[in-house]
Amino acid sequence: MGRGRIKAEPVDPNNSIASRIRTAMTACGMKSVAELGRRIGLPRQTVHRWINGATKNMTHENLYKVADVLQVRARWLAVVEEGIVARN
């Protein structure tokens, strides 16, 4: 892990940041990566790389932006733990 970044590389692709972002997008009714990108102020290509697992890490700042927009806990996006609740 680099300074100020969280590792996005999945150990289990079904339990990765990418899959949790997709799950949260679905849960809040967000239909496109372009919409998430607009809401967090980043290009849709960046969001697309996150949800397809092409990006190996994400800045903390972007993690918090995504969590806020998707109304989930940043910790839930970043870390898989038993008992962590997704919704804020």
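In the protein, 52% of the contacts with a separation of 6 or more are between residues 24 or more positions apart, a contact being defined by heavy atoms within 4.5 Å. The structure is a predicted model, in which local features need pLDDT of at least 70 and side-chain atom pairs count only at pLDDT 80 or more, while totals for chains, interfaces and linings use all residues. Residues are numbered from 1 along each chain as its sequence is written, and side-chain values use heavy atoms, with hydrogens and water left out.

Five helices and two strands are present in the protein. Their order from the N terminus is β-α-α-α-β-α-α. Helices (H or I, at least four residues) and strands (E, at least two) are DSSP runs, numbered from the N terminus. Of the 88 residues, 35% are buried; buried denotes under 20% relative accessible area, exposed over 50%, and partly exposed in between, with a 1.4 Å probe and protein chains only. The protein exposes about 5,500 Å², and 48% of this area is supplied by carbon and sulfur atoms.

The largest nonpolar core contains 21 residues, of which Ile21, Met25, Leu36, Leu70 and Leu77 touch the most other members. Two or more residues are given to this core by each of α1 (17-27), α2 (33-40), α3 (44-51), α4 (60-70) and α5 (74-78). The largest share, five residues, comes from α4. A nonpolar core is here a set of buried Ala, Val, Leu, Ile, Met, Phe, Trp, Tyr and Cys residues joined through side-chain atoms within 4.5 Å.

In α1, the buried residues are Ile17, Ala18, Ser19, Arg20, Ile21, Ala24 and Met25. Two of these, Ile21 and Met25, are also among the core residues that touch the most other members. Glycine 29 follows α1 and has a positive phi, near 80°.

Helix α4 includes asparagine 62, which counts as buried because its relative accessibility is 14%. When residues up to four places away in sequence are not counted, asparagine 62 touches Leu42 and Trp50. The loop between α4 and α5 holds glutamine 71. Although glutamine 71 is not a glycine, its phi is positive, at about 55°. Glutamine 71 has a relative accessibility of 45% and therefore counts as partly exposed.

How values were computed:
Areas by Shrake-Rupley, 256 points an atom, 1.4 Å probe, with all protein chains shown as cover.
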